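User: I would like to go through this model by question and answer. Please give the cut-offs as the terms come up.

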Amino acid sequence: MKKKLIVVQYILLIIFALVILSPLAIVFFGAFKTPGELANNPYSIPKEPVFNNFHEAFIRGNMLVYFKNTIFVSTVSLAILIALSTIASYAVTRPGFKLGNKLYMYFVFGIIIPAQSIMIPTYYMMSKLRLVNNIWSLVIVYVSSCMAMSVFILSGFFRTIPSELDDAAFIDGCSEFQAFIKVILPLCKPAVTTVLILNLLFIWNDFYNPLLFIRSEEIKTIVLGLSKYMGRYLTNYPIMFAAVVMASVPVIVIFIVLQKQFVSGITAGSVKG
Amino acid sequence: MTKQSDGFQRSKSKRNITLFLFTLPALIVYTVFFVLPILGDIYISLLEWNGGLIDVKFVGLKNYIKMFTEDKAFYAALLHNVMYTAFVVTIQLSMALLFALILFRNIRGHNFFKTVYLLPVVLSSVTLALIWSYMYDPLQGFVNYFLKSIGLGSFQQNWLGDKKIALFSVGLINAWQYIGYSMIIFIAGLLTIPESLYEAAEIDGAGMFSKFANVTFPLLAPATTMNIVLSTTGSFKVFELIYVITPPGGPISDATEVLATLMYKVGFTYGEMGYSAAISIILLIVIMIIGFVQLKLLRSREVKY
């Protein structure tokens with residue numbers, strides 16, 4: 001009975017793994033096929049792999065530009081976000097800080113606000129600031145809309161660090177800022193990594209804000225650029241596949257390397273999706 | 001205040017000021033670009049406004065009255081939201097629970113399966129839309145090919161072209177993407193149940209199903225609630241997947257219109273900012289009601305730290 005159950009369990013696990021992997025594998029291998037081979041032989045490993053789909057998508061599909069923009073937006077947004085959210089989380093979790101808990105609640109309240117619902121005022125504000133079709137509009141939106149979740153996760157971690165440590169730092173002559181930078185922050189690397197990876201994936205994959213704010217080809221992000229394949233090239237799936245593979249490989253690599261932090265981010269109750 | 005405590009008080013209030021200054025940059029960015037827009041949205045929903053500088057008219061609750069009394073598109077979209085959410089949540093959570101129950105005991109290969117199941121979570125909705133538009137292609141797609149090859153050819157569909165099923169075809173993609181995500185939360189919940197309870201139930205002669213019904217399921221309640229909240233809010237506010245797979249103006253976009261896509265269309269295609277804002281407030285209210293449960297859960301978890 002027990003043995004039978006285990007066999008059934010593994011069969012279910014393998015079937016579902018195939019359900020997840022086969023679409024990804026078909027697209028991955030399809031990117032190395034000619035349209036002719038894809039039509040005749042869609043679900044197997046390419047017989048003679050071709051690489052010009054990648055070339056085509058990379059050069060004519062403007063992928064290089066999209067990559068540069070996405071890397072710029074994610075790096076700048078994350079740098080600002082981490083700087084602002086760590087120091088704020090440090091402050092709101094200090095036991096001596098009178099307003100701490102109130103400010104914490106104020107930040108965390110933002111978790112339940114869907115970004116879609118502030119689309120019109122945000123768009124109006126950006127157009128007043130002359131930031132529509134400007135890459136900095138994305139930086140502003142990401143820093144402000146990722147703040148709530150970041151403060152929540154970081155504060156959860158900061159709270160677990162005994163406050164005797166800041167007292168010890170003060171006795172050693174540290175200022176409040178030095179205590180934060182030199183003593184407390186280095187202890188919070190795991191939480192910072194979790195916040196980094198969750199927000200990096202969100203920013204990298206976001207379609208909504210670029211759709212709203214970006215028009216010009218030269219400042220598009222990867223996901224926005226990718227959306228042009230939708231409904232086009234339907235006769236030439238392999239080029240679209242190559243673009244999809246190039247856009248997805250970085251996030252998949254990041255996920256596999258930092259899976260632990262990603263999972264702990266999920267179980268911290270974090271949501272973006 | 002006595003003189004002796006003066007110095008102490010001053011240093012304490014000085015520290016309070018320093019700490020407040022620490023929160024200030026985050027506070028300003030978050031308030032100006034996230035909290036103020038919420039208030040702005042409420043105000044705009046009371047206007048008749050095309051987004052320009054002139055022609056702004058305060059109309060009170062007129063947009064809401066119009067929405068609830070005469071707008072068929074609003075009710076259609078709301079109904080689609082409800083059907084989509086019910087469909088996605090049911091499939092996503094039942095599958096997630098099944099695989100969590102199998103995987104939480106760290107059986108051989110559990111890390112491999114967890115990694116595979118989580119993989120789609122990190123892909124963007126545009127990537128998923130592109131992959132699945134090929135998978136669902138009625139002629140070349142894998143789904144119809146597979147159905148035919150296992151003898152279920154009669155179940156072949158025009159998955160994204162048939163108005164009756166397109167919404168659910170999109171919903172399947174959504175569930176496919178997030179089953180692993182919900183599974184991780186279920187696993188975390190299952191690991192909090194003490195082994196001794198199972199042993200006690202076994203001594204009492206409980207079978208597998210009775211153990212599940214009397215031990216696992218009740219003790220899994222926090223994880224279940226959290227999963228229901230997350231998947232309900234996540235699928236209720238769906239925009240990207242539907243917008244990309246069935247683009248506005250396309251042949252079947254009416255059949256997949258949800259509140260978020262309707263709001264986008266009314267605001268940016270029709271230029272009715274006030275009305276669009278009113279729709280977004282309804283979306284906001286629904287999400288916030290569910291979200292308060294989420295915040296409560298998150299806070300109650302903190303106590304345990």
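Analyst: A residue is buried if 20 or more other C-beta atoms lie within 10 Å of its own, exposed if 12 or fewer, and partly exposed in between, with C-beta atoms placed from the backbone. This is a predicted model, in which local features need pLDDT of at least 70 and side-chain atom pairs count only at pLDDT 80 or more, while totals for chains, interfaces and linings use all residues. Residues are numbered from 1 along each chain as its sequence is written, and chains are lettered from A and ligands numbered from 1 in the order in which they are written.

User: Does F168(B) count as buried, partly exposed or exposed, and why?
Analyst: F168(B) sits in helix α7 (residues 166-190) of chain B; helices (H or I, at least four residues) and strands (E, at least two) are DSSP runs, numbered from the N terminus. The C-alpha atom of F168(B) is 8.2 Å from that of V88(B), 80 residues away along the chain. Because F168(B) has 17 C-beta neighbours inside 10 Å, its class is partly exposed.

User: How many helices and strands does chain A have?
Analyst: The C-alpha atoms of chain A fill a box of roughly 75 × 65 × 35 Å along the principal axes. Of its 273 residues, 47% count as buried. The secondary structure of chain A comes to 15 helices and 0 strands.

User: Which residues of helix α6 (residues 119-128) of chain A are buried?
Analyst: Just after α6(A), R130(A) takes a positive phi of about 55°. Within the helix, the buried residues are M119(A), I120(A), P121(A), T122(A), M125(A) and M126(A).

User: What is the make-up by class of the contact of α1(A) with α14(A)?
Analyst: V27(A), F28(A) and G30(A) of α1(A) meet Y237(A), P238(A), F241(A), V244(A) and V245(A) of α14(A), where contact requires C-beta atoms, placed from the backbone, within 7 Å. Ala, Val, Leu, Ile, Met, Phe, Trp, Tyr, Cys and Pro count as nonpolar, Asp, Glu, Lys and Arg as charged, and the others, Gly among them, as polar. The contact has 7 nonpolar, 1 polar and no charged residues.

User: How does α4(A) lie relative to α8(A), and why?
Analyst: Helix α4 (residues 63-92) and helix α8 (residues 147-158) of chain A have axes that come within 9 Å and cross at roughly 45°. This angle is why α4(A) is described, relative to α8(A), as oblique.

User: Which helix of chain B gives the most to the side that touches chain A?
Analyst: In all, 72 residues of chain B are in contact with 76 residues of chain A. The side of chain B that touches chain A divides into 50 nonpolar, 15 polar and 7 charged residues. The most, 19 residues, comes from helix α1 (residues 3-44) of chain B.

User: How far apart are the C-alpha centres of domain 1 and domain 2 of chain B?
Analyst: Chain B is divided into domain 1 (3-44) and domain 2 (71-303), with bounds from an automatic or database domain assignment. Their C-alpha centres lie apart by 38 Å.

Notes
Contact = placed C-beta atoms within 7 Å. Axes fitted to C-alpha atoms, helices over the stretch in contact; angles between N-to-C directions. Parallel < 35°, antiparallel > 145°, perpendicular 65-115°, else oblique.
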